[in-house]
Amino acid sequence: MALVVDGLTKDFGSVRALDGVTFSVQRGGICGFLGANGAGKTTTMRIVLGFLRPDSGSVTWDDRETREWPRRTWGYMPEERGLYLRMPVIDQLVFFGTLYGLTRSRARALAAEWLARFRIADYADRKAESLSKGNQQKVQFIATVLHDPDVILMDEPFVGLDPINAALLREAFLELRDRGKTLLFSTHQLDQAEELCDSVAIIDHGRVVTAGPTREVKRSAGHQVVRVATSVPDELVWLRSLPHVTVTHPGRDYTEVRVDAGADPQSVLRAAVARGGDVLRFEVADPSLEQIFVDRVGALDVEERTLAAPEVRP
Amino acid sequence: MSGLANVAAVARREYMVRVTTRSYVFGTVVLLVGVLAIAFAPVIIRAIDQSSQQRIAVHVAATDLAGDPAATLSGLLNAATDTGTPASDRKPDFVVTPVPDLAEARQAVVAGEYAAALEIGRATGGELGFTLYTNDSATGRTAGLIRQATTAIAVSDRLARLGVAPAGQAGLFAPAAFGVEWPDPAKSGPTRGTTEAIGQDMLGFGMTLLIFMMVILYGQWVAASVVEEKSSRVMEVVLNAATPFQLLTGKVLGVGALALTQYGALLLAGVAALLAQGVVAGIVLGDTGGSAPLPQGLTVELLLLFGLYGILGFLLFAVLYAAAGSLVSRQEDVNAIVMPMTVFATFGYLVGVYAAMGLLDIKAAWMVALAQVPLVSPYMMLGRVTTGEAMVWEVPVSVALLVAAIVGALWLAARIYAAGVLMYGQRPSARAIWRLVRSGT
């Protein structure tokens, strides 16, 4: 059972928004959907949910077109948060719940549970506009999952949350996954994705540049990362002299280098030992998602960095 | 989750949220005050009338008059303004006081104690002469009534001088037999009184105005509500749960229920006020008469037609208003985008009212045809019915056309809505809208 996005193409006038977008998310998986603004994430999600029809391609859940599944199958948290600002929090949650077929009393009980869990039970009767942005966002998340959907799509769910609330949301994600729910969310916070997602899809200009289980995507880069710290002086100098090694992150505690595909990371260790000093730290790892992203897509351009800055700060 | 349940949930939310808003409550209160003012207008007018009593001073210089001219004048003046209430139950409009000294009386008029002073003298030829001293208009209502009364006194005086005894004069002044009949020989029954005729025209006019107001006010509300959901981006959240058709229908029905609530309250208040009018009149005016019947021509059939055209007209326009609202994403743009509907509504309203008032030829063939056009018929048919110009087939055919138009508009609007609600920041051109309608997404 999986959510399969297969060859989606969509044009808006002369602009090709999606160009053969293909990836899949296994049931019970958390998939990170990564891409710059305007890469096609929102359009893809809207097609998955059936708001838009693709010009070609298909989206299936358990081998059936997503449009054919009942609406309660889906939970959606749009990119732009949307709440009825002048309506009390509990009332609008009940309203959203009833739209998905919950009875009013059931929706009310579930909403109260979620509000308590997110530590905003006191705000139940307050109008949404009187809540802080972070709290509004938690309400938005509750509206997304209140009806217990099987597949949950979220556009930038972590934006604007402080570390404590981000941790609450992460916990909720993991719990939903453990209950067999399937999550797909877009994010700019690549470390967040790396921590949570068992699979990722990186999209750029309407095309998926890479997709699959997070570990495989990271391995697919070919090169590896070595973090090393020694007592040898002039560490940077001799590291730079090694073949197939590039210093990517000279740090105070350790230095991070990139070892080209095909080269042996252990050669760095051997070279360190050969220099005669003590090796204080030696670690071989796959490149981070951020490195993969930069390799594949290029750095987010300056404007988007500025826009994304407050979001990246956890 | 059935579609109907979602329509109901959307309508319920729309209703519950808006019924307590300040603008709705305030608007309803203002309209209620208006309805009560109109319903109690007869009592209010009589109360004002009663308080406006005029004092007239009479100085009689002629010594040989047959009767008491002050009493005669008082009788004539007050009879002329009698509105049908028994004279014993009401205070007279004019109080006529004989004064011995003309100069003093004129001074009193200047001081405002009297509205006017009337001098009755006799010229050398024997004819009576009258002079009115007043600051008011020489051709005003009071002067006019006094002039009429003086003529009667003069005639009576001439007759007395010709030797006709006052008792014999009564027969001379008795009114002649005078009848009014319908011009159509086939038509029998009493002809319409003035109030009756005005009452019926006013009913048609008032009901048309109410429908027009409902469409403009609540149609605009539907559009604004759609835009509000778009601008707060809540649209995408609800769009995942409900289809555009359900959202559109629920919204129109929810706002429609608000309109019905308001109009129901107004209707109840109006009827209650009319029924209570006799009692209130008794308290305010201190009389027991003046029972107020419901306005002439206000039949159950007419009320039902009003409800029918009001609801159908509202539905047709509201659906279009909703579709228009879905095309813009900012409240500032609502007025511009709903302009076509507003123009249609105003056009229909004006033509309907002009026709009912006789400013346009209501019998013309193009008028009959226009009255069948769905966007216009809600404003034209009531006028045609109350003036009695509607032919038997007109009402059923126009209603059928309206219903068909609503179905068509729903189909069209749902397609525009489905695409429009996800459209942000684009200026919708006619071609773009047409593309949306054809493609469906």
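Let's start with chain B, whose secondary structure comes to 17 helices and 4 strands. Keep in mind that this is a predicted model. Chain B has 441 residues, and 32% of them count as buried. If you take the contacts in chain B with a separation of 6 or more, residues 24 or more positions apart account for 76% of them.

Now pick out helix 6 of chain B, residues 141–161. Which residues of helix 6 of chain B are buried? They are B:Leu145, B:Ile146, B:Ala149, B:Thr150, B:Ser156 and B:Asp157. These cover an arc of only 135 degrees around the axis, which means they sit on the same side of helix 6 of chain B. The general point behind this is that an α-helix has 3.6 residues a turn, so residues three or four places apart point the same way. After the helix comes B:Gly163, with a positive phi near 100 degrees.

Helix 13 of chain B can be read in a similar way. It runs over residues 339–357, and its 19 residues should span 27 Å at 1.5 Å a residue; the end C-alpha atoms are 27 Å apart, which agrees. On the buried list for helix 13 of chain B are B:Met341, B:Ala345, B:Gly348, B:Tyr349, B:Gly352, B:Ala355 and B:Ala356. Their arc around the axis is only 140 degrees, so they lie on the same side of helix 13 of chain B. The face turned away from that buried side carries B:Met339, B:Pro340 and B:Val343, which are exposed. Following helix 13 of chain B you'll find B:Gly358, where phi is positive, near 90 degrees.

Next, look at where the two chains meet. The contact draws 18 residues from chain B and 23 residues from chain A. On the chain B side, helix 1 (3–19) and helix 9 (234–241) each supply at least two residues. Helix 9 of chain B gives the most to that side, with 8 residues. Sorted by class, the side of chain B that touches chain A has 11 nonpolar, 4 polar and 3 charged residues.

Finally, step across to chain A. Its domain assignment gives domain 1 (2–84 + 144–218) and domain 2 (222–285). The C-alpha centres of domain 1 and domain 2 of chain A lie 37 Å apart.

Methods:
Residues numbered from 1 in each chain as written. Chains lettered and ligands numbered in written order. Predicted model: local features only at pLDDT ≥ 70, side-chain atom pairs only at ≥ 80, totals over all residues. Domains from an automatic or database assignment. Expected span 1.5 Å × (residues − 1). Buried ≥ 20, exposed ≤ 12 C-beta atoms within 10 Å, placed from the backbone. Arc of directions from axis to C-beta. Contact = placed C-beta atoms within 7 Å. Nonpolar A, V, L, I, M, F, W, Y, C, P; charged D, E, K, R; others polar.
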